[in-house]
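Biologist: I would like to learn how to read a model like this one. Could you take me through it slowly?

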Amino acid sequence: MSTASDPEQAGFRLSMLFNDTRYRSLTFQAIAAILLALSIWYLGNNLIQNLREAGLNISFGFFGEPAGYDINQRLIEYDSQSSHGRAAVVGILNTLLVAFLACVTATVFGVIAGVLRLSNNWLVSKLMAFYVEIFRNIPVLIWIIIIFTIMTAVLPSPRAFRGDDPASSMFLDAVAFTNRGVYIPGPSFNAPLFEAAAMNWLLVLAVLVASFFGSKAIGSWASRVQEETGDRPKTLLMTLGVWIVPVAILLFIMGLTWNFPELKGFNFSGGIKIGGPLIALWFALSIYTGAFIAENVRAGIQAISKGQTEAAGALGLRPGRIMNLVILPQALRVIIPPLISQYLNITKNSSLAIAVGYADITATLGGITLNQTGRAIECVLLLMLFYLTISLLISAFMNVYNNSIKLKER
Amino acid sequence: MPTDTSVAFVRTAEIPPSPPPPSETGLVKWIRENLFSSWGNSILTLVSLYAIYVILSATVPWIVNGIWTTSSLAECREILQGQVGACFSVLTERWNQLLYGFKYPVEEYWRPNLAFLLLFVAAAPVLFFDLPRKLLAFTALYPFIAYWLIWGGSIMIPIVALLGFVAGYFVFDRFGKQSFATGFFGAIVAAFVVWWIGGFIIPETEDTFLPAVPSRDLGGFMLNMMLGVTCVSLSLPLGIVLALGRQSKMPLIKGICVIFIEFIRGVPLITLLFVASVMLSYFFPPESTVDLFLRVVIMITMFSAAYIAEVIRGGLAALPKGQYEAADSLGLDYPQAMRLIILPQALKISIPGIVNVAVGLFKDTTLVSVISMFDLVGMIRGPILASTEWNGVYWELLGFAAFLFFIVCYGISQYSQWLERRLATDHR
């Protein structure tokens, strides 16, 4: 650590390799490098021998071969004649879908529970503490199985909806909860502008993005007027208009209609079917991770000292503005980093899909494809590579965010 | 003394203090302040009361009407005659499968039971500092005793393993004073020499005091406990080494540790379990057969070590730089500085994080059911729910599993909070 204070020594003795701080770290690193190389050589050698004995090789050619299995829940076209590669892509999209959905709902659950846990209502705060402790201390796999069991064993079968006096009926005549999945109304266009359905939705998305920038522009215009005149113009109606009117016009032109699920024969048709496994995984992940997020939110709010509230009050801010301008910006600095790592946990925990048969990347690539082709090494490596990429992307994003909100001190 | 006759009444004594209005005392006040202080709060209270009512009205009759003494679900339904009620008989009939798996020999149940009881004795001196330090000797012996109790077989195996560690300890004690590196590597060499020699004296015979139980016969909650305890205790030293390596100034060692930690933390545990079940055997020598339990222990230990390393790194980073400099200025070398000054403080800061990792790891041991090991969840989803007698008894079994995990995890986190209060030596 302090190389400067070492006296010059004449000559070089072998013991200096261990005892002299100038050489010692080099020695240790050399030993580490040799050990690392040896173990890699040993493991690689074993691998090659084992593969030769089993008559296998490392090859990714199986990705082009037909998969031969069906996937119920899918976002892109896929049938059993499609390749293993396409099955993996379906799996990746399914992973991202459930992770995205669960992140959104977990945040909602977590924020509500975290804020309510600090409520001065004794009953509510105790109830939320109970929720947090129950869900944090029981494995997520058990929650997934419990909710999946509710989906399959408790909900009625589509047959129960039949007849003049059915045992079950649809919620608001629009949503059917059955043990084969939940059927909800699905939108479609009578006069689409493009052939492909995805293009139409992209158009809607583009309009929404434009509205977002429009509302930003209104906000900055209002700030400019406020700077010049001292009065802030009322922008609520204009912002609402910018958000609603363009999308409404576009949807009207394209002729938006809703397809309601209908009972045909023994099953529902029309609308969108959300499979039981997806719902079980989605709901279990969000309610489980929500308990963790609730703790993060509570810690974040409690981390802001009471003096901040009092100082803001002394400056004459109203309670609403104290929350928006003083407490929340500081609390978010504490809340958001653990929140993002909870998102990462959701993405990783979504691999438990394999326990309920939701076709995510672990179930397609690491499950059926692996079993059918016997390519264990290739499949598991690619699976890890996928999750590693997602994790590194999320943590890179987190680092950028952390740097941008870091307290600028001294 | 002039008397003022115009005043009809003059109070000569003080009025005793009157009791506060009933709305401002006791229960009423508490309810007003804590439950109905505003419109919003009143609505929240009513909603919560309704939620509690819904939950209790669904569960209480179900538990109270529960039946404990039948031998199949059909009999339960017959007795209940359409009433709401649980069929807890599955727990009384299959408790041994839930706790020990379906292959562990029944007459040997006392062995894991004893090991479980001894676990508390072994853990006590680690968890509670007030106990006499001599008990730590038993803690050091415990892994060997527990191994012998649970797996059985020749007693020479744990004895040889123990002798290896003892030899290593003596070598380290003899040479570690002068040079940490010499003592450390000497200890490793000594231990391996003892194990190598001991390998010749372990008898091959089956005729032993405790019959051997192969690892694939382990199962049930016992498997979860074993995986949790083994992996947490193995990953703690590994995590410390990784955290120190990540802080090292040597680029190669730091690089290895960073890559290892980030890689493990970036992938889900399930993929690592896949590695254990289908891939790891390719990396062992062709003629060797490493059983699945050991492979899973290796992967889960690596997994939790990476997380513990990050927690400890946080503790190391939280120490003021002055502590490092003070250690340097006292002339301590790196191992001494770490052992005497840095690690005790850093580990103390890291305790809550380490306990969180331990609880998370214990919950994650249920994932081994995905690679068809029959732990508690695996037993429920596999043999028990598939049997003809108990096909359809979901809630009793899943509730039992949830209950067991809740007890253990909640207990550990309560302990961690107690420990945090106990260790809070700074005056805040």
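Modeller: Gladly! Helices (H or I, at least four residues) and strands (E, at least two) are DSSP runs, numbered from the N terminus. By that rule chain B has 16 helices and zero strands, while chain A has twelve helices and seven strands. This is a predicted model, in which local features need pLDDT of at least 70 and side-chain atom pairs count only at pLDDT 80 or more, while totals for chains, interfaces and linings use all residues. Residues are numbered from 1 along each chain as its sequence is written, and chains are lettered from A and ligands numbered from 1 in the order in which they are written.

Biologist: What is the radius of gyration of chain A, and what does the globule rule give for 410 residues?

Modeller: The radius is taken over C-alpha atoms, and the globule rule is 2.2 Å times the number of residues to the power 0.38. For chain A the radius is 29 Å, well over the 22 Å from the rule, so chain A is more spread out than a compact globule. Its C-alpha trace spans about 100 × 75 × 50 Å along the principal axes. The trace of chain B spans about 120 × 75 × 40 Å along its principal axes.

Biologist: Which residues have the most contacts inside the largest nonpolar core?

Modeller: Such a core is a set of buried Ala, Val, Leu, Ile, Met, Phe, Trp, Tyr and Cys residues joined through C-beta atoms within 7 Å. The largest one has 154 residues, and those with the most contacts inside it are A:Ile144, A:Ala280, A:Leu281, A:Ala284 and B:Leu273. Helix H8 (residues 276-303) of chain A gives the most to this core, with 15 residues.

Biologist: How many residues of chain A are in contact with chain B?

Modeller: Two residues are in contact if their C-beta atoms, placed from the backbone, lie within 7 Å. Here 48 residues of chain A are in contact with 42 residues of chain B. Helix H2 (21-54) of chain A is one of the elements on that side, and H2(A) provides the largest share, 13 residues.

Biologist: Which residues of H4(B) are buried?

Modeller: They are B:Ser89, B:Val90, B:Arg94, B:Gln97, B:Leu98, B:Leu99 and B:Tyr100. The cover over them includes helix H3 (73-80), helix H5 (110-127) and helix H9 (220-247) of chain B. Just after H4(B), B:Gly101 takes a positive phi of about 85 degrees.

Biologist: And what about phi in residues other than glycine?

Modeller: Most residues other than glycine have a negative phi. B:Ser372, however, has a positive phi near 50 degrees. B:Ser372 sits in the loop between helix H14 (334-364) and H15 of chain B.

Biologist: Is B:Ser372 buried or exposed?

Modeller: B:Ser372 is exposed, because 10 other C-beta atoms lie within 10 Å.

Technical notes:
Buried ≥ 20, exposed ≤ 12 C-beta atoms within 10 Å, placed from the backbone.
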